Amino acid sequence: MAVSTTHRRPGTLARPGSRRPAWPGLWHFLTFAAPGTLVYTCLVLLPIAMSVGYSLTNQALLRPNTQFVGLRNYALLLRDETFLNSLRVTTILTLIVVIVPNVLGVAVAVVLDRRGWLYNALRSVFFTPMVISSVVISVIWTRVLADDGPVNHGLRALGVAEPPGWLSDPDIALYSLASIVCWQMLGFCVVVYLAGLQGVPQELAEAAAIDGAGPLRRFWKVTWPLLAPALTINTVVLLISAFKIFDHVKVITNGGPGTGTTASVAFVVLQEGFVENRTGYASAEAVVMLVVIAALSVVTLRILQRREVQL
């Protein structure tokens, strides 16, 4: 009895029940993903794993014998006044850097959301500080805010006998430092909010105007809810940037004036690791900083994304 066999011609579709071999797709995925994955593993995951390992030892750069100490470094952090003070300083810095550029960024973006060469030029002016090195920015502002700098010279010319020590007074040095960081990050917020404003449908604003809504009410009820994704991006980026700030602190105040008045967590970590030669202890501080940043970022992202869904 003859048995008939059917062969699928080239170019015809496979039957619904048949499965395509997975290896070609997996090979293509590995080909494209392997370089990036390798770089990320070597430059991010591996250093994090090494830091966690060092934090469980008394590792020091100039000490030949390294011993396992368990969680002793983490226990010492809870009683370390220097580290606890750096957390307080970093918290204040973060709150200022997250709030001020966001508020000013929205205002500036609304003003610059117009056509014309002047507004294009102003956008470039506001964004310029973002592309300049933080060290260069810090050096410039150190000269500007010095006790004998241009700002105090101007105040004396206006009749102020004793201008404030912007960077030498322990009571205001932290806020001066935060203002410099806000000034540099403002351009980023402006650009992100401008992108969000350009995605707002004009029909909604025109319909609100026809219904009698004024400019402020139109912004609050129509524009601001549609800027929720831009707010999420700016808040998370500013949060991470502020919490790991180091360059500005090192160049402008070096942790002073006084003892630790502007010392951030990142500044203390590098001081402990490379100046005090306590690599294991500094690694424990770095791990705590990583956990705090990750937790705050996840919570902030969840809250803001939930607001986007509700809107």
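Predicted model: local features only at pLDDT ≥ 70, side-chain atom pairs only at ≥ 80, totals over all residues.
Helix H1 bends by about 45° at Ala 33, and a proline, Pro 35, follows within four residues.

How far does helix H1 span between its end C-alpha atoms? H1 covers residues 23-55, and a straight helix of 33 residues would span 48 Å at 1.5 Å a residue. In this model, H1 spans only 41 Å. Please keep both values in mind as you look at the bend at Ala 33.

Let us turn to a pair of helices. In general, two packed helices are described by the angle between their axes and the distance between the axes. Helix H3, residues 81-112, packs against helix H7, residues 173-198, at an angle of about 40°. Their axes lie 6 Å apart. Why are H3 and H7 called oblique to each other? Angles under 35 degrees count as roughly parallel and those from 65 to 115 as roughly perpendicular; the angle here is about 40°, and H3 and H7 are therefore oblique. The crossing of H3 past H7 is right-handed. Which kinds of residue form the contact of H3 with H7? There are 25 nonpolar residues and 2 polar ones, with no charged residue.

Finally, consider the protein chain as a whole. Its secondary structure comes to 13 helices and 0 strands. The C-alpha trace spans about 115 × 75 × 35 Å along its principal axes.

How values were computed: Residues numbered from 1 in each chain as written. Heavy atoms only, no water. Helix = DSSP H or I, 4+ residues; strand = E, 2+ residues; numbered from the N terminus. Expected span 1.5 Å × (residues − 1). Bend = angle between axes of the 7 residues up to and from the residue. Axes fitted to C-alpha atoms, helices over the stretch in contact; angles between N-to-C directions. Parallel < 35°, antiparallel > 145°, perpendicular 65-115°, else oblique. Left-handed = near helix turned anticlockwise from the far one by under 90°. Nonpolar A, V, L, I, M, F, W, Y, C, P; charged D, E, K, R; others polar.
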